[in-house]
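Reader: I would like to learn how to read a fold from its strands, helices and contacts. Please walk me through one case.

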Amino acid sequence: MPQQVHGVIARSKGAPTELVVINVPDPGPGEAVVSIKACGVCHTDLHYREGGIGDDFPYLLGHEAAGIVESVGDGVDNVQPGDYVVLNWRAVCGRCRACRRGRPWYCFNTHNARQKMTLEDGTELSPALGIGAFIDKTLVAAGQCTKVDPAARPAAAGLLGCGVMAGLGAAINTGNVSRGDSVAVIGCGGVGSAAVAGSRLAGATTIIAVDVDDAKLAMATELGATHVINSRNVDAVQTMQELTDGFGPDVVIDAVGRPETWKQAFYGRDLAGTVVLVGVPTPEMKIELPLLDVFGRGGSLKSSWYGDCLPERDFPMLIDLYLQGRLPLDAFVTEEIGVDQVEAAFDKMHGGKVLRSVVVFDAPSPADTVSDSAGAQA
């Protein structure tokens with residue numbers, strides 16, 4: 001029988017979000033029901049609410065989440081009830097041309113649950129990125145569940161589900177940042193700050209944070225930036241080059257996704273350097289460049305989709321680094337809020353006041369369960 005729980009939807013383009021009762025069906029073949037412990041409030045959810053991604057309203061928002069598998073359907077063998085998981089929107093198919101070529105991080109046919117969650121009147125919901133996690137329990141494809149160490153705090157662990165993974169992966173996977181490299185990151189919100197942390201983790205020796213907000217630059221410094229540039233006050237391209245002996249960084253990551261910032265990345269990098277676009281442009285944005293400049297500067301011009309991550313490979317590794325104290329995921333959690341405060345979190349996001357607001361649900365965290373078990377054994 002379907003369960004009735006509360007979740008946050010966007011009913012129509014630009015309308016305020018609503019907390020409503022939602023029917024969650026029992027899992028069918030290849031599906032899982034996950035009890036959500038925490039879910040970050042991501043810009044992508046705001047884009048859904050504002051109609052920037054599609055018009056399949058009503059949307060069930062939320063996708064950057066950690067939780068506990070409650071039940072699974074037939075044929076599921078990658079997770080079982082009780083597993084602590086981070087949800088992902090790249091449940092690889094194993095059959096498309098990217099998967100067959102051994103590049104599953106480019107999978108073109110990722111799985112979602114086949115059944116639909118609905119409103120009380122039967123209206124079908126479109127879950128954000130195939131997840132929909134501003135809800136007590138959600139229905140997903142089992143492949144969207146990546147098992148991780150239950151000692152990790154849900155509010156931090158869930159951020160790997162989208163924004164933090166996008167930034168870390170832009171540096172480590174797409175940009176191939178390595179020891180001794182110089183890196184610049186343009187835009188130091190949640191994704192850009194994660195790219196700074198990823199560059200530090202990879203061993204970059206010069207990490208330049210570029211933004212127009214001194215508070216964001218200060219946070220980037222805490223996460224590993226060695227230099228900061230407030231591009232309101234100075235020329236970003238010239239200053240990036242001055243900070244790298246006149247050459248420009250080996251890798252420049254554009255975490256904003258605007259023509260102006262992409263050009264800063266293109267012209268600010270070293271000759272034969274790499275540009276990584278991880279900020280998401282809007283459909284009307286265009287770039288015009290002299291083709292000779294593209295030829296003459298060489299290097300690589302890349303886009304980074306989900307940080308080119310493979311969840312089953314990357315999530316457990318990054319959680320382990322977090323638990324070792326080498327990856328400061330907690331620093332990205334600006335505030336913990338209730339599920340009824342999502343709309344206020346969107347307002348704070350517009351004002352650039354947070355890296356992440358994280359919706360936390362009432363149930364005890366897996367770390368508490370682990371601690372209780374250890375105490376009982378002692």
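This is a predicted model: local features need pLDDT of at least 70, side-chain atom pairs count only at pLDDT 80 or more; totals for chains, interfaces and linings use all residues.

**Reading one fold**

Author: Residues are numbered from 1 along each chain as its sequence is written, and side-chain values use heavy atoms, with hydrogens and water left out.

Reader: Which residues is Ser182 in contact with, leaving aside neighbours within four places in sequence?

Author: Contact means heavy atoms within 4.5 Å. Ser182 touches Thr206, Thr244, Gly248, Pro249, Asp250 and Val251. Ser182 itself sits in strand E11.

Reader: How many strands form the open sheet that includes E11?

Author: Terms come before the count. Helices (H or I, at least four residues) and strands (E, at least two) are DSSP runs, numbered from the N terminus. Two strands pair if DSSP finds at least two bridges between them. Here 6 strands line up as E13-E12-E11-E14-E15-E16, with parallel pairing. E13 (227–230) and E16 (300–303) are the edge strands, each pairing on one side only. E12 (residues 206–211) and E13 share 4 bridges in the parallel sense.

Reader: Which strands does helix H5 touch?

Author: Angles run from 0 to 180 degrees between N-to-C directions, and axes are lines fitted to C-alpha atoms, for helices over the stretch in contact. H5 (residues 190–202) packs on the sheet against E11 (182–186), E12 and E14 (251–254), and its direction makes about 170° with that of E11. Helix H8 (residues 259–268) lies across E11, E14, E15 (274–277) and E16, at about 160° to E15.

Reader: At what angle do H4 and H10 cross?

Author: The axes of H4 (residues 163–174) and H10 (residues 311–323) come within 12 Å and cross at roughly 100°. The two helices are therefore roughly perpendicular. The classes are: under 35 degrees roughly parallel, over 145 roughly antiparallel, 65 to 115 roughly perpendicular, the rest oblique. Met165, Leu168 and Asn173 of H4 meet Arg313, Asp314, Phe315 and Leu318 of H10.

Reader: What is the strand order of the open sheet of 5 strands?

Author: The order is E7-E2-E1-E4-E8, with mixed pairing. E1 (residues 3–10) and E2 (residues 18–24) run antiparallel, joined by 7 bridges. His6 stands opposite Val21 in E2.
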